[in-house]
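Subject: Structure for you to look at

Hello,

Here is the structure I said I would pass on. Please open it first, then read the notes below it.

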Amino acid sequence: MPPRIRLRPCALRLRTANSSNHPLCATYASLATATTPAPSLDQIRAVPPVLRYPPTQPPSHKPPEVRKTQLHRTYQSVLKSSPLILIFQHNNVKAVEWMSLRRELAIALQKVDAERAKNGQDGLIADQIKFQVITTSIFASALRVVEFFKPEENTMDHAQDPTDPRTPTSAQIPQTSNDPQDRAFKHGLSRRAWEVASNKKLKSELEPLLSGPLAIVTFPHVSPQHLKTVLSILAPVKGSFDAPKRKTNPAYYEPEVQSGLQKLMMLGARVEGKVFDTEGTKWVGGIEGGIDGLRAQLVHMLQGVGGSLTGALEGASRSLYFTVEGRRMDMEEKEKGDKPSE
């Protein structure tokens, strides 16, 4: 390795006798003695603040690391992505009983998917149907946010400049700050959403059912055939939603499963944002043929309405034709009677 040679800059030898004879040393001297002026207050305020969070994860009103906040976010996602939710009340169901119930439910739903796949039908959603226990108070708060908080209808306190080329997805958003209490945020965990959920004057139709320990069954889309299977497993009714027979499914009659079923009670359902009681839920699950059967019934009904409308229009035209024709024949007979006989 070659030896290191330490060269002292000319700027540090300003007081030597021959420094004025070297122009390079004079340049170093001017750079060393120059000072940058501090920016003015206007220049500081003109620079937008750099956000300390990702654009897709704005700060929440409550601490995001708390389990309640994460549950609130999860329940909002479940309510927005599940058009069909069954609500059950449970009473001291043991872990072994929960496991047995979920096992029988998964087996029954897999049979439905296998039958639909055999018939060439779509909608294989057995793996996406979840049976989970919820925290009632947090679920009720998330429900109020989903139903009553409409961020697209609420105007922001600081409107964005239309001439600003930056979009809301940019790293720097001019109308927000690093403060979680900023009212410009409009996500589900913002302060504005919390204020809407805290308004006791707003009443949801599902709130009377949200009491006590609850469990829910979520569906990715409304499927009467899968709903009928879930009801036959978790809330069987003889004649309409028969439980599996002992010969075909002996595991369903194990003590753990039957004990867990006795501790479950179905309260109702939320279908496409509407609340259904037990009878309404059974009506949805009792649609013959599922969605395809419902579409066939709708087409048949529309065809019947079209046929009756066509018959009514044709009947009116026929009656008008017969009336005009009868009047014409009557006038011809009168004309023949008025002519003198030859």
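A residue is called buried if its relative accessible area is under 20%, exposed if that area is over 50%, and partly exposed in between. Keep in mind that the model is predicted.

Aromatic rings

A pair of aromatic rings is described by the distance of the centres and the angle of the planes. Rings count as a pair if their centres lie within 6.5 Å, and planes over 60 degrees apart make the pair edge-to-face. By this rule there are four aromatic pairs. One of them joins Phe88 and Phe131: the ring centres are 6.3 Å apart and the planes stand at 65°, so this pair is edge-to-face. Phe88 belongs to strand 1 (residues 84-90) and Phe131 to strand 2, so the pair ties together parts that are 43 residues apart in sequence. Phe88 and Phe131 are both buried. Together with Trp98, Phe88 and Phe131 form a cluster linked by ring pairs.

Tyr252 and Tyr253 make another edge-to-face pair, because their ring centres are 5.3 Å apart and their planes are at 85°. Are these two buried or exposed, or something in between? Tyr252 has a relative accessible area of 2%, so it is buried. Tyr253 has 27% relative accessibility, so it counts as partly exposed.

Helix 5

Helix 5 covers residues 136-148, which is 13 residues. From its first C-alpha to its last it reaches 18 Å, close to the 18 Å expected at 1.5 Å a residue. Its buried residues are Thr136, Ile138, Phe139, Ala140, Ala142, Leu143, Arg144, Val145 and Val146. What do these buried residues pack against? Their partners are helix 3 (67-81), helix 6 (191-197), strand 2 (130-134), strand 3 (214-219) and strand 4 (264-271).

The second largest pocket

Helix 5 also turns up in the lining of the second largest pocket, where it gives the most, with six residues. The volume of this pocket is about 430 Å³. Helix 3, helix 5 and helix 6 are the elements that give two or more residues to its lining. The lining has 23 residues, and those nearest the centre of the pocket are Lys62, His72, Ile138, Ser141 and Trp194. By type, the lining residues divide into ten polar, nine nonpolar and four charged.

Regards

Conventions. Residues numbered from 1 in each chain as written. Predicted model: local features only at pLDDT ≥ 70, side-chain atom pairs only at ≥ 80, totals over all residues. Heavy atoms only, no water. Helix = DSSP H or I, 4+ residues; strand = E, 2+ residues; numbered from the N terminus. Expected span 1.5 Å × (residues − 1). Buried < 20%, exposed > 50% of the residue type's maximum accessible area, 1.4 Å probe, protein only. Contact = heavy atoms within 4.5 Å. 1 Å grid on protein atoms, 1.4 Å probe; cavity = no way out; pocket = protein on both sides within 12 Å on 5 of 7 lines; lining within 4 Å. Points joined across faces, edges and corners; volume = space filled by probe spheres on them. Nonpolar A, V, L, I, M, F, W, Y, C, P; charged D, E, K, R; others polar. Phe/Tyr/Trp six-rings, centres within 6.5 Å; stacked < 30°, edge-to-face > 60°.
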